[in-house]
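This report covers the salt bridges of one protein model and the setting of one of its helices. The sequence and structure come first.

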Amino acid sequence: MNIQSLSVCVPAKKCINDCRFCCSKMHTADYTDCFSDVSRYSYYSEDMRKRLEYATSNGCNTCMLTGNNEPQQNKEFLRVFSEINKTLRKPFYNIEMQTSGAYIDEEMLDFFRNSVGLTTIAISVACLDNDSLNRDMIRTKDDDLCLEKLCREVKKRNINLRICLNMNDRILADTPLTPESITGICGRLGADQITFRALWAPDSESDQGKWIKENVTEKTTDFITSLKNDIKKNGKYLDTLEYGADRYDYKGFSTVIDDDSMAQAENKTAIKYLILRPDGHLYSKWDSKASLIF
């Protein structure tokens with residue numbers, strides 16, 4: 001089995017954000033939450049250990065802490081995950097976190113690095129050059145969320161910094177949309193890696209689906225197409241990720257265009273994500289309970 005990464009869904013009662021483009025709200029299958037009750041952690045910890053062991057024994061080297069909410073909301077779960085990971089025959093050493101950065105302060109970053117073993121923070125961004133608009137699109141209550149400050153503190157701790165751009169018509173509010181303008185800002189933020197993520201919008205009448213349809217127009221899709229061509233022409237090919245996306249050295253950044261963020265492509269020989277849900281079971285698709293593995 002060829003697996004790109006294991007996504008561990010960190011449970012929480014409700015997300016501290018309410019992103020206008022949130023894909024989790026567009027597939028609302030109900031998964032039992034076995035991990036929110038701290039008193040039950042010992043009961044279910046063996047379930048988690050077996051699933052983590054399954055992923056690593058099948059050659060999966062990368063673990064992404066993520067979920068239907070912000071993973072920093074549940075520090076106790078992160079502690080348990082870290083303790084279990086250390087007991088594996090082949091522990092995960094490449095541990096990443098997908099987050100908007102909301103309410104992450106210096107103390108929490110130290111906890112991520114020293115207690116969880118975090119090696120990469122992937123900051124999910126809706127607007128790169130305007131913090132106010134970025135906060136508005138992710139609808140966070142963290143009025144102090146500032147990309148520049150957050151990125152600076154991440155780099156102080158020698159944690160890899162990936163900027164994940166949720167591509168929409170306002171990804172740059174105050175700057176012309178060009179590869180140079182995006183990479184220039186990412187460079188000033190200290191990014192090591194950039195992911196250009198095409199937003200997923202199924203045939204849905206959800207608020208999130210409607211927002212994507214209204215805010216991802218030809219302006220964005222044409223830019224992604226021209227960017228792909230420029231990366232292939234002027235970038236240096238590095239390697240191909242397990243699921244098939246090519247990674248390039250583009251203007252000094254490790255760069256990937258993710259145009260299948262929900263792993264909907266057919267006839268793939270690799271699994272993009274194994275997903276450990278809060279029910280303690282592994283799945284291979286975000287939007288299908290039928291993708292249960294065990």
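## Asp 239 and Arg 247

Asp 239 counts as partly exposed, at 27% relative accessibility. The model is a predicted one, and in it Asp 239 forms a salt bridge with Arg 247. The closest N and O atoms of Asp 239 and Arg 247 are 2.7 Å apart. Arg 247 is partly exposed as well, with a relative accessible area of 24%.

## Salt bridges in the model

The count of salt bridges comes to 14. Some charged side chains are joined in a network: Glu 106, Asp 110, Glu 153, Lys 156 and Arg 157 are linked by salt bridges.

Arg 49 and Glu 46 are 3 residues apart, about one turn of the helix. An α-helix has 3.6 residues a turn, so residues three or four places apart point the same way. Arg 49 is partly exposed at 25% relative accessibility, and Glu 46 is partly exposed at 35%.

Which residue meets the side chain of Arg 20 in a salt bridge? The partner is Asp 136, at 3.3 Å from N to O. This pair links distant parts of the chain, since Arg 20 lies in the loop between β1 (2-9) and α1 (41-57), while Asp 136 belongs to helix α4 (residues 131-138). The two residues are 116 residues apart.

Arg 20 has a relative accessible area of 21% and is partly exposed. Buried means under 20%, so the 21% of Arg 20 places this residue in the partly exposed class. Asp 136 is also partly exposed, with a relative accessible area of 38%.

## The setting of helix α4

Helix α4, which carries Asp 136, has four named residues in the buried class: Leu 133, Asn 134, Met 137 and Ile 138. Viewed down the helix axis, the buried residues of α4 fall within an arc of 130°, so they line one face of the helix. These buried residues pack against β4 (120-125), α5 (147-156) and α7 (207-215).

Both ends of α4 have a local feature. At the start of the helix, a side-chain oxygen of Asn 130 reaches to within 3.1 Å of the backbone nitrogen of Ser 132. Just after α4, Arg 139 takes a positive phi of about 45°.

Definitions and conventions: Residues numbered from 1 in each chain as written. Predicted model: local features only at pLDDT ≥ 70, side-chain atom pairs only at ≥ 80, totals over all residues. Heavy atoms only, no water. Salt bridge = Lys/Arg side-chain N within 4 Å of Asp/Glu carboxyl O. Buried < 20%, exposed > 50% of the residue type's maximum accessible area, 1.4 Å probe, protein only. Arc of directions from axis to C-beta. Contact = heavy atoms within 4.5 Å. Polar contact = N/O pair within 3.5 Å; in protein donor to acceptor, adjacent residues only side chain to side chain.
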